[in-house]
Amino acid sequence: MLFIYVLLFLLAAIKWGDWRRWRDFYPTILFFIIGDLLKNFLLYNHWLWTYKETIIFENIFRNHTIINITVMFIGYPSTIFIYLGRFPKTSLKQGLWFSFWVFLYSILEYINLHYLHLIRHHNGWSMMWSVLFNIVMFLMLRIHYKNPLMAWGLSLIWILFLLMMFPIPLENMK
């Protein structure tokens with residue numbers, strides 16, 4: 001099922017993404033991927049959430065790493081091409097656009113968590129944390145697009161906050 005989500009995001013990006021400005025979005029795509037790689041590295045033995053493919057391609061996407069790489073290299077760029085590529089000019093529309101993306105990511109996780117059982121939360125993570133994470137993530141993506149150094153600094157503060165809220169035992173770090 002997660003494969004279907006990634007495929008739908010790709011098809012949406014093909015239809016609604018701003019591919020002409022891919023060079024403008026490329027640094028933010030890398031920022032998005034680096035953030036996820038860092039999360040996977042730090043939380044290698046101390047997951048906060050994991051994915052599981054249960055419907056189709058279960059033999060191909062049988063572990064979290066393969067699913068995560070697929071999401072990183074197809075889902076994240078697709079998100080950026082649409083989210084930043086169609087970002088509105090007026091404040092009200094920007095707020096609605098931002099809220100739409102936070103809602104979309106959050107509702108997909110909620111459905112995958114409670115109904116399809118494709119995501120599992122671990123070590124104190126919850127939907128509340130996921131919604132907060134999505135808010136910060138979409139703010140950081142927009143900030144990174146406009147001011148990369150500010151986004152890196154704010155992201156460091158966010159990471160330190162998360163590490164304080166969800167301490168990782170040193171023996172669990174890779």
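Arginine 21 forms a salt bridge with aspartate 18, the closest N and O atoms being 2.8 Å apart; a salt bridge is a side-chain nitrogen of Lys or Arg within 4 Å of a carboxyl oxygen of Asp or Glu. This is a predicted model, in which local features need pLDDT of at least 70 and side-chain atom pairs count only at pLDDT 80 or more, while totals for chains, interfaces and linings use all residues. Residues are numbered from 1 along each chain as its sequence is written, and side-chain values use heavy atoms, with hydrogens and water left out.

**Salt bridges**

- The count comes to three salt bridges by this rule.
- Aspartate 18 also meets arginine 20 in a salt bridge, at 3.9 Å from N to O.
- Lysine 39 and aspartate 36 are joined by a salt bridge of 3.2 Å, N to O.
- Through shared partners, salt bridges link Asp18, Arg20 and Arg21 into one network.

**Exposure of the charged residues**

- Aspartate 18 counts as buried because its relative accessibility is 10% (buried means under 20% relative accessible area, exposed over 50%, partly exposed in between, with a 1.4 Å probe and protein chains only).
- Arginine 20, at 78%, counts as exposed, and arginine 21, at 28%, counts as partly exposed.
- Lysine 39 and aspartate 36 are both buried.

**Nonpolar patch**

- Leu132, Ile135, Leu139, Phe161, Met164 and Met165 form a nonpolar patch on the surface, with about 520 Å² of accessible area together (Shrake-Rupley method, 1.4 Å probe, only the protein chains shown counting as cover).
- Such patches take residues with over 30% relative accessible area and no salt bridge, nonpolar side chains (Val, Leu, Ile, Met, Phe, Trp, Tyr) being joined within 5 Å and like charges within 9 Å.
- Leucine 132 counts as partly exposed, at 33% relative accessibility.
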